[in-house]
Amino acid sequence: MKKTKYILNGFLTLAVMFLFTQCAEKEPKDTQTPATAANNGTSNMKIAYVEIDSLLTKYHFWNDLNEIMIRKEENIRTTLNEKAKELDGEIREFQRKLQNNGFVSQERAEQEHMRITKKQQDLQQLQEKLTNELQTENQKNSLQLRDSINSFLKIYNKDKGYDLIISNSGFDNLLYANPAFNITDEIVTGLNNRYNPSAAKK
């Protein structure tokens with residue numbers, strides 16, 4: 001029986017692929033951040049980027065969700081492995097009895113074979129059901145993560161007034177960016193300050 005495969009990294013993949021774009025109605029400011037200073041003389045746009053890999057590593061909400069999903073995956077794997085082991089034992093016993101004429105009749109042997117076949121099918125359906133439930137929950141968590149970040153960015157950007165906030169995951173989006181435009185730590189701090197640990201358990 002093939003071991004079931006769970007795609008927890010699908011959660012991470014969905015999370016790192018979204019693009020932060022915030023169009024802001026900003027007012028002129030008296031002070032300049034390093035990013036706006038770097039823009040002076042070349043553009044009026046105010047741009048920043050967030051390192052998604054780093055954000056997810058430091059964001060308590062993501063860490064809590066990840067731990068919850070890992071525990072669920074382990075529980076599912078344990079349940080399926082136990083049932084598969086039990087079924088394997090029954091198959092071996094059936095084969096042993098069949099080879100040694102241990103059944104009182106051919107009809108009884110066929111009944112036992114049908115029972116074991118049905119149990120195999122039930123186990124396969126359970127595996128598919130639990131895997132689908134886990135994937136559905138991963139997708140739900142991905143949306144929840146994205147919404148929590150986007151809602152925070154809208155509040156954050158009211159004061160900061162960035163025209164564009166983009167995500168950066170390795171070399172997926174940015175080949176190079178001036179560190180002056182990196183606002184990852186600010187975003188992480190803000191997200192963690194407003195995070196309620198009970199939200200991840202809902």
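**Close-up views of a predicted model**

Arginine 92 is exposed, with a relative accessible area of 57%. That residue opens our tour of a predicted model, taken one close-up at a time.

**View 1. Arginine 92 meets aspartate 88 in a salt bridge.** The two side chains come together at 2.9 Å, N to O. Both residues sit in helix H4, which covers residues 60-99, and they are four residues apart, about one turn of the helix. An α-helix has 3.6 residues a turn, so residues three or four places apart point the same way. Aspartate 88 has a relative accessibility of 35%, so it counts as partly exposed, while arginine 92, at 57%, is exposed.

**View 2. Glutamate 90 and arginine 115 pair up through their side chains.** Here again we have a salt bridge, at 2.9 Å from N to O. Arginine 115 has a relative accessible area of 37%, which makes it partly exposed.

**View 3. Lysine 129 forms a salt bridge with glutamate 133.** The closest N and O atoms of this pair are 2.8 Å apart. Both residues are part of helix H5, four residues apart, or about one turn of the helix. Lysine 129 is partly exposed at 46% relative accessibility, and glutamate 133 is partly exposed too, at 41%. Elsewhere, salt bridges that share partners tie Glu86, Glu90, Arg108, Glu112, Arg115 and Lys119 into one network. How many salt bridges turn up in a search of the whole structure? The count is 14.

**View 4. Serine 148 is a buried residue of helix H5.** Helix H5 spans residues 106-160. At 14% relative accessibility, serine 148 falls under the 20% cut-off and therefore counts as buried. Which residues does serine 148 touch, once its neighbours within four places in sequence are set aside? They are Tyr59, Phe61, Leu191 and Arg194. Tyrosine 195 is 47 residues away from serine 148 along the chain, yet their C-alpha atoms are separated by 9.2 Å.

**View 5. Helices H5 and H6 cross at roughly 115 degrees.** Helix H6 runs over residues 184-193, and its axis comes within 10 Å of the axis of H5. With that angle, H5 is roughly perpendicular to H6. The crossing is right-handed. On the H5 side, the contact is made by Ser148, Ile149, Phe152, Leu153, Tyr156 and Lys160, and on the H6 side by Glu186, Ile187, Gly190 and Leu191. Sorted by class, the residues of this contact are six nonpolar, two polar and two charged.

**View 6. Helix H6 has buried residues that pack against several elements.** Which residues of H6 are buried? They are Thr184, Ile187, Val188, Gly190, Leu191 and Asn192. What do these buried residues pack against? Their partners are strand E1 (47-51), helix H3 (52-58), H4 and H5.

Key
Residues numbered from 1 in each chain as written. Predicted model: local features only at pLDDT ≥ 70, side-chain atom pairs only at ≥ 80, totals over all residues. Heavy atoms only, no water. Helix = DSSP H or I, 4+ residues; strand = E, 2+ residues; numbered from the N terminus. Buried < 20%, exposed > 50% of the residue type's maximum accessible area, 1.4 Å probe, protein only. Contact = heavy atoms within 4.5 Å. Axes fitted to C-alpha atoms, helices over the stretch in contact; angles between N-to-C directions. Parallel < 35°, antiparallel > 145°, perpendicular 65-115°, else oblique. Left-handed = near helix turned anticlockwise from the far one by under 90°. Nonpolar A, V, L, I, M, F, W, Y, C, P; charged D, E, K, R; others polar. Salt bridge = Lys/Arg side-chain N within 4 Å of Asp/Glu carboxyl O.
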